[in-house]
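Please keep the sequence and the structure in view while reading.

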Amino acid sequence: MMQWVITDIPLGRNIQNIRMAKQMSQKDVTTKLQLMGSIMSRSTLANIETGRRNIKANDLKALKIIFDVDYEEFFKE
């Protein structure tokens, strides 16, 4: 059973801001996610960042590891 995080535009924007602060492209991030077992595509990440798609809890957990940030960074207002 998969868990999903509710779509929330600030969440997607925060993911994008963190990614850009880490100077990573969407492709860089999705390649790392795929190496960790995710099936996320670059277009899916783009849709998450723009708030058009939900993110799986497991993918958010992986992003926390990739970006080396606390969960709070994803949920800033």
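The sections below describe a predicted model, beginning with a pair of helices and then turning to individual ones.

## Packing of helix 2 and helix 3

Two packed helices are described by the angle between their axes and the distance between the axes. For helix 2, which covers residues 26-35, and helix 3, which covers residues 42-49, the angle is about 115 degrees and the axes lie 9 Å apart. Since angles of 65 to 115 degrees count as roughly perpendicular, the two helices are therefore roughly perpendicular to each other, and helix 2 passes helix 3 in a right-handed crossing.

Helix 2 contributes Gln 26, Lys 27, Val 29 and Thr 30 to the contact, while helix 3 contributes Arg 42, Leu 45, Ala 46 and Glu 49. By residue class, this contact comprises 3 nonpolar, 2 polar and 3 charged residues.

## Burial in helix 3 and its end

Within helix 3, the buried residues are Thr 44, Leu 45, Ala 46, Ile 48 and Glu 49. Just after this helix, Gly 51 adopts a positive phi of about 80 degrees.

Helix 4 spans residues 57-67, and its buried residues are Asp 59, Leu 60, Ala 62, Leu 63, Ile 66 and Phe 67. Viewed down the axis of helix 4, these buried residues fall within an arc of 160 degrees, so they line one face of the helix.

On the other side of helix 4, Asn 58 and Ile 65 are exposed. Just after helix 4, a positive phi of about 55 degrees is found at Asp 68.

Definitions and conventions: Residues are numbered from 1 along each chain as its sequence is written. This is a predicted model: local features need pLDDT of at least 70, side-chain atom pairs count only at pLDDT 80 or more; totals for chains, interfaces and linings use all residues. Side-chain values use heavy atoms; hydrogens and water are left out. Axes are lines fitted to C-alpha atoms, for helices over the stretch in contact, and angles run from 0 to 180 degrees between N-to-C directions. Helices (H or I, at least four residues) and strands (E, at least two) are DSSP runs, numbered from the N terminus. Angles under 35 degrees count as roughly parallel, over 145 as roughly antiparallel, 65 to 115 as roughly perpendicular and the rest as oblique. A crossing is left-handed if the near helix is turned anticlockwise from the far one by less than a right angle, and right-handed if clockwise. Contact means heavy atoms within 4.5 Å. Ala, Val, Leu, Ile, Met, Phe, Trp, Tyr, Cys and Pro count as nonpolar, Asp, Glu, Lys and Arg as charged, and the others, Gly among them, as polar. Buried means under 20% relative accessible area, exposed over 50%, partly exposed in between (1.4 Å probe, protein chains only). The arc is that of the directions from the helix axis to the C-beta atoms.
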